Structure formats: C-alpha cells, structure tokens
Amino acid sequence: MNALRALSVDGQVALLFVALLGGLLLLSLALLVRTLRDDGGPTTFRHALVRGLVGYVEIYLLLGVPAVIASMVHPRAKRLGDMAAGTIVISQRAALRLTP
C-alpha cells in the first residue's frame, strides 16, 4: 500500500510538471522529446492525466507489453496512452547539416 501511495504522489508531481511545462519533464528534456496534442498544440492537464493513467496500466500493471505492441503496430508509433489522450511524442533534436 505504501508503494501505491508513493506512485500516486510521484504521478501527481509528474502531472503537475507536465501541465505547467506544456509537455516537458526532466526525462523529456534529457532525451530531447516533447509531448504535443495531435493538432500540434501544447498538452493540458487533461491530456497528461489520461496519458498517465493509461500509461500506469499499460506499463506498470501489464509490464509494458501493450505499449510495445501498440507502438509497433501504430503508423505513428503511438502507445495506448497517446491514442487515448490524443497526444504524440516528438523528437526535438535538430537536424545536423554538414557543409562541404
């Protein structure tokens, strides 16, 4: 039960940061990825909540199997949480152009 409380507190903090920073978390900053709505706008608290709740079920309770299968099958590599929330994760890495 204590682990569930700790996860819920961690999840609440993560949701707060995602909502305040428009789809960014520390891990997202480190990996240079960003979560956006399907129309390209910033995520809201509702998007983060739906994505987080579905993510908890598909990743922690079901050991990530549905997330891997869904991302392999979906043409835009979305997991179930992204499909339910209407979000997409994009890379922020700049393209490297080498001049001759």
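Is Arg79 buried or exposed, and what is its relative accessible area? In this predicted model, Arg79 has a relative accessible area of 15%, so the residue counts as buried, the cut-off being under 20%. The side chain of Arg79 meets that of Glu58 in a salt bridge, with N and O 2.1 Å apart. Arg79 sits in the loop between α4 and α5 whereas Glu58 belongs to helix α3, so this pair ties together parts that are 21 residues apart in sequence. Glu58 is buried as well, at a relative accessible area of 2%.

Helix α3 itself deserves a look. The helix runs over residues 45-61, 17 residues in total, and spans 23 Å between its first and last C-alpha, close to the 24 Å expected. A kink of about 25° is centred on Gly55, which is also one of the buried residues of α3, along with His47, Ala48, Arg51 and Glu58. Just after the helix, Leu63 adopts a positive phi of about 60°.

The whole structure holds 4 salt bridges. Another of these joins Asp38 to Lys78, where the closest N and O atoms are 2.6 Å apart. This pair links distant parts of the chain, 40 residues apart: Asp38 lies in the loop between β1 (33-37) and α3, and Lys78 in the loop between α4 (65-73) and α5 (80-85). Asp38 is partly exposed at 37% relative accessibility, while Lys78 is buried at 6%.

A further salt bridge brings together the side chains of Arg37 and Asp39, at 3.0 Å from N to O. Here Arg37 is partly exposed, with a relative accessible area of 24%, and Asp39 is exposed, at 59%.

Conventions:
Residues are numbered from 1 along each chain as its sequence is written. This is a predicted model: local features need pLDDT of at least 70, side-chain atom pairs count only at pLDDT 80 or more; totals for chains, interfaces and linings use all residues. Side-chain values use heavy atoms; hydrogens and water are left out. Helices (H or I, at least four residues) and strands (E, at least two) are DSSP runs, numbered from the N terminus. The expected span of a helix is 1.5 Å times one less than its number of residues. The bend at a residue is the angle between axes fitted to the seven residues ending there and the seven starting there. Buried means under 20% relative accessible area, exposed over 50%, partly exposed in between (1.4 Å probe, protein chains only).
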